[in-house]
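Hi,

Here is the structure I promised to pass on.

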Amino acid sequence: MGVGVNFVKKRLILFENTAFLLVYMLKYTRVENQATLKRAENQAAHKHAENKRLDEGVGMELKADNGDGIDSWKEVTLIYSAALRQIETKMEILNDEFQHVHQYNPIEHIKARIKTPESIVKKLKRNGYESTIENMVKYINDIAGIRIICSFTSDIYRIADMISEQRDIKVIAVKDYITFPKASGYKSYHMIVTVPVYLSDRTVDTKVEIQIRTVAMDFWASLEHKIHYKFEGDAPEHIKSELVECAKMVSDLDARMLSLNEEILAISREREKNEDI
């Protein structure tokens, strides 16, 4: 039985109205990306002095040498940046292939970053470790971090499976904060993986943290992070409660957008089927 024209029109109008909010969030995240690039440019002027300070042993001991021969912050940056580029390239290739095979891109955009020396030192001290290169390579899993932003929740698990199936990527740990959200309302899918970085004289298996989330999840997480930073992790209870309520709204939006997308695809298939008759 065919789908009525009026029904199709109503559902398409509903999809357009709901999609408007998603478009707004897409624009927001793109603005965030531009702001991130700007901040990176502003920070670039300080990196040379920072690296020199660190290499002289101020704030972090750099004498220790781990099993992979990494013995300076500059080498850390080199190796972890190379690992990030490998993961980014793999994701771009998979996204292009998906477009070629399915005429659909599951990845909206990708963000990548190297953790700052100050953040690494704070995390080591917080966990009771001495601030050395050896300890940061051994105990800090998110020195290199990459965030993959998707349209729908179904894309998250599809991408996670594609990553796991890469022969040279080893999955060390997974945390599914989508199925099991944090108490704050935070949702995302986290993977700790290792990727081989091939140097002239050795191969270094390098850890990278991968976060996969929807546009809506990233929208919420970006604002929550700013609020958390503003209050130094001690936001008033009414603000925390409001954030949890907003997280529920974001989850509802993701579910509705996924449902609408699946319905639109079903309608499209039905219309194509009727046209072939």
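This is a predicted model: local features need pLDDT of at least 70, side-chain atom pairs count only at pLDDT 80 or more; totals for chains, interfaces and linings use all residues.

Searching the whole structure turns up 4 aromatic pairs; a pair here means rings of Phe, Tyr or Trp (its six-membered ring) with centres within 6.5 Å, called stacked if the planes are under 30 degrees apart, edge-to-face if over 60 and tilted for the rest. One of them is Tyr 129 with Tyr 139, which is stacked, at 3.8 Å centre to centre and 10 degrees between the planes. This pair links distant parts of the chain: Tyr 129 is in the loop between helix 3 (117–126) and helix 4 (133–139), while Tyr 139 is in helix 4, 10 residues apart. Helices are DSSP runs (H or I, at least four residues), numbered from the N terminus.

Residues are numbered from 1 along each chain as its sequence is written, and side-chain values use heavy atoms, with hydrogens and water left out.

Back to the tyrosines. Tyr 129 has 31% relative accessibility, so it counts as partly exposed, and Tyr 139 gets that label too, at 33% (buried is under 20% relative accessible area, exposed over 50%, partly exposed in between, with a 1.4 Å probe and protein chains only).

Tyr 177 and Tyr 186 make an edge-to-face pair, because their ring centres are 5.9 Å apart and their planes are at 65 degrees. Tyr 177 is buried at 16% relative accessibility, and Tyr 186 is buried at 10%. Lys 182 lies over the face of Tyr 177, 5.0 Å from the ring centre, and its charged end also sits over the ring of Tyr 186, 5.0 Å from the centre. For that label, NZ of Lys or CZ of Arg has to be within 6 Å of the ring centre and within 35 degrees of the ring normal.

Then there is Asp 155, in helix 5 (residues 153–164). Asp 155 is buried, with a relative accessible area of 1%. Leaving aside neighbours within four places in sequence, Asp 155 is in contact with Tyr 104, Pro 106 and Cys 150, where contact means heavy atoms within 4.5 Å.

Cheers

Methods
Helices (H or I, at least four residues) and strands (E, at least two) are DSSP runs, numbered from the N terminus.
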